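This briefing concerns strand pairing, helix packing and selected side-chain contacts. Please consult the sequence and structure shown below.

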Amino acid sequence: MTPLLIYKQLRHFYFERPDSERKRFISSSEVFGIFSYRAEMWKASFPFFAALLAFGLCQPMAGGINKIEDADNDEGFQRALQFAVIQHNNGTNDTVLRQVIEVVSAKSQVVAGTNYIMTVILARTSCEKEGQAENCTIHKEPEHAQPYQCTFTVWSRPWLNKTQLTKEECLNAQPAPE
């Protein structure tokens with residue numbers, strides 16, 4: 001405590017109280033009693049606030065972006081990833097389908113629904129766009145597979161049965177061979 005704060009508390013104790021409550025002198029035990037009471041209150045309230053802070057830090061922040069630890073087993077993420085790849089394939093001029101060969105990062109954000117932010121590596125398959133999409137294998141040779149990285153943001157609102165690809169950025173996308 002600063003001397004100014006001590007002075008203000010003593011001034012209030014002596015002069016700003018009604019005459020009936022005013023004392024002629026104050027003992028040192030009374031002065032330290034005021035401060036020890038505040039110290040006891042701090043000791044009592046500190047564990048409560050520490051627990052509150054620790055609990056708050058353990059919870060994901062609303063609106064914050066959270067890493068998805070097990071993307072392979074996260075049903076919402078897998079649906080969003082499949083939706084993003086279908087939308088990407090529909091938007092390309094390539095004659096063959098692309099598939100995910102690696103999930104680089106998987107994140108989610110709670111909004112009015114869920115934003116799934118994913119960075120993946122896509123590669124060409126042996127399946128034509130117009131044909132069956134089952135049992136498509138990715139080319140083994142890099143010159144045919146032509147892998148590249150894309151970042152997708154998918155906004156999912158399952159209670160409305162709506163999913164939307166809100167962002168798509170692909171790096172090192174190579175044109176399909178003629």
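The model is predicted: local features need pLDDT of at least 70 and side-chain atom pairs pLDDT 80 or more, whereas totals for chains, interfaces and linings use all residues. Residues are numbered from 1 along each chain as its sequence is written, and side-chain values use heavy atoms, leaving out hydrogens and water.

- Antiparallel pairing joins 5 strands into an open sheet of order 1-2-3-4-5; strands are DSSP runs of E of at least two residues, helices runs of H or I of at least four, both numbered from the N terminus.
- Strand 1 (65-67) and strand 5 (162-171) are the edge strands, each pairing on one side only; pairing requires at least two DSSP bridges between two strands.
- K67 has K107, in strand 2, as its bridge partner.

**Helix packing**
- Helix 3 packs on the sheet and touches strand 2, strand 3, strand 4 (148-157) and strand 5, contact meaning heavy atoms within 4.5 Å.

**Side chains**
- The count comes to 1 aromatic pair, where centres of Phe, Tyr or Trp rings (for Trp, the six-membered ring) lie within 6.5 Å, and planes under 30 degrees apart are stacked, over 60 edge-to-face and the rest tilted.
- The ring centres of F77 and Y116 are 6.4 Å apart and their planes stand at 65°, so this pair is edge-to-face.
- Because F77 belongs to helix 3 (residues 75-91) and Y116 to strand 3 (residues 113-128), the pair ties together parts 39 residues apart in sequence.

Key. Axes fitted to C-alpha atoms, helices over the stretch in contact; angles between N-to-C directions.
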